[in-house]
Amino acid sequence: MSKRKYELMVIIKPDMTQKQTEGELKKVREFISSQQGEIFHEDLWGMRAFAYKMKKYDSGYYAIFYFNGDPQGNREIERSLRLENGIFRFLTVSLPDDYEIKTLDEFESAEYDIYADERSDSKAKAEPKAKKAAK
Amino acid sequence: MPKNKYNRACPITKMDIKHIDYKNIQLLLKFISRHGKIVPKYYSGVSLVNQKKLAVAIKRARQMGLLPYTSKPRRKRA
């Protein structure tokens, strides 16, 4: 089986102690490695507020695992995650081969000015009009 | 939100973003309205291919509690 790049985001329930959270993280790592997955990067976002209330919780512990695995293994990992009580939600996504890993800070601090050049266009258009009005 | 202008280039192509990541909240926020809805491509000017990828990314982010389904985004808590 050829392996593919995957990314697994896990949200752990917020009412767990630090030890329990670490235990859950350890279990997730075990689930991945038991299915011949090789974790090549790990990103722990930590506690984070949800955008909306989910099942009476309004925050959770986010952790992201990047690993090489196969589809069958993924199904098994997801099955074991579903049975795990401390895990609130998870999401597996397959990644393109040239995927660049970014940290949370990089995501949060990035600024996107998507209409920057259009604004300069509209200024340029607005100026001749003003000149016409002056005439 | 700028008004529709015809024949303008797709903002995502312009910024040279190849992979639209659902974790890239700052980018996705630009393409949802203040009520949390996905902005139609005739307002944002995003190409069809990118709009579809964007929609998937926004929906994933919603599932994971990174973006709201409706209403204004809540203020960040410490």
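Mentor: What follows starts with the chain, goes on to a pair of strands, and ends with the cavity.

This is a predicted model, in which local features need pLDDT of at least 70, side-chain atom pairs count only at pLDDT 80 or more, and totals for chains, interfaces and linings use all residues. Residues are numbered from 1 along each chain as its sequence is written, chains are lettered from A and ligands numbered from 1 in the order in which they are written, and side-chain values use heavy atoms, with hydrogens and water left out.

Chain A holds four helices and four strands, where helices (H or I, at least four residues) and strands (E, at least two) are DSSP runs numbered from the N terminus. Along the sequence these elements follow the pattern β-α-β-β-α-β-α-α. Of the 135 residues in chain A, 41% are buried, a word that stands for under 20% relative accessible area, taken with a 1.4 Å probe and the protein chains only.

Strand S4 of chain A, residues 87-94, has six of its eight residues buried, so this strand is largely enclosed by the rest of the structure. Strand S1 of chain A, residues 4-12, pairs with S4(A) in the antiparallel sense over seven bridges, and two strands are said to pair if DSSP finds at least two bridges between them. In S4(A), A:Val93 is the bridge partner of A:Glu7.

Both A:Glu7 and A:Val93 also line the largest cavity, together with A:Leu95, B:His19, B:Ile20, B:Asp21, B:Tyr22 and B:Arg60. On a 1 Å grid over the protein atoms alone, a cavity is a set of points where a 1.4 Å probe fits but cannot get out, and its lining residues have an atom within 4 Å of a point. A search of the whole structure finds one cavity of 30 Å³ or more, and the largest cavity contains about 40 Å³ of space, the volume being the space filled by probe spheres set on the points, which are joined across faces, edges and corners. By class, its lining has four nonpolar, one polar and three charged residues; here Ala, Val, Leu, Ile, Met, Phe, Trp, Tyr, Cys and Pro count as nonpolar, Asp, Glu, Lys and Arg as charged, and the others, Gly among them, as polar.

Technical notes:
Buried < 20%, exposed > 50% of the residue type's maximum accessible area, 1.4 Å probe, protein only. 1 Å grid on protein atoms, 1.4 Å probe; cavity = no way out; pocket = protein on both sides within 12 Å on 5 of 7 lines; lining within 4 Å.
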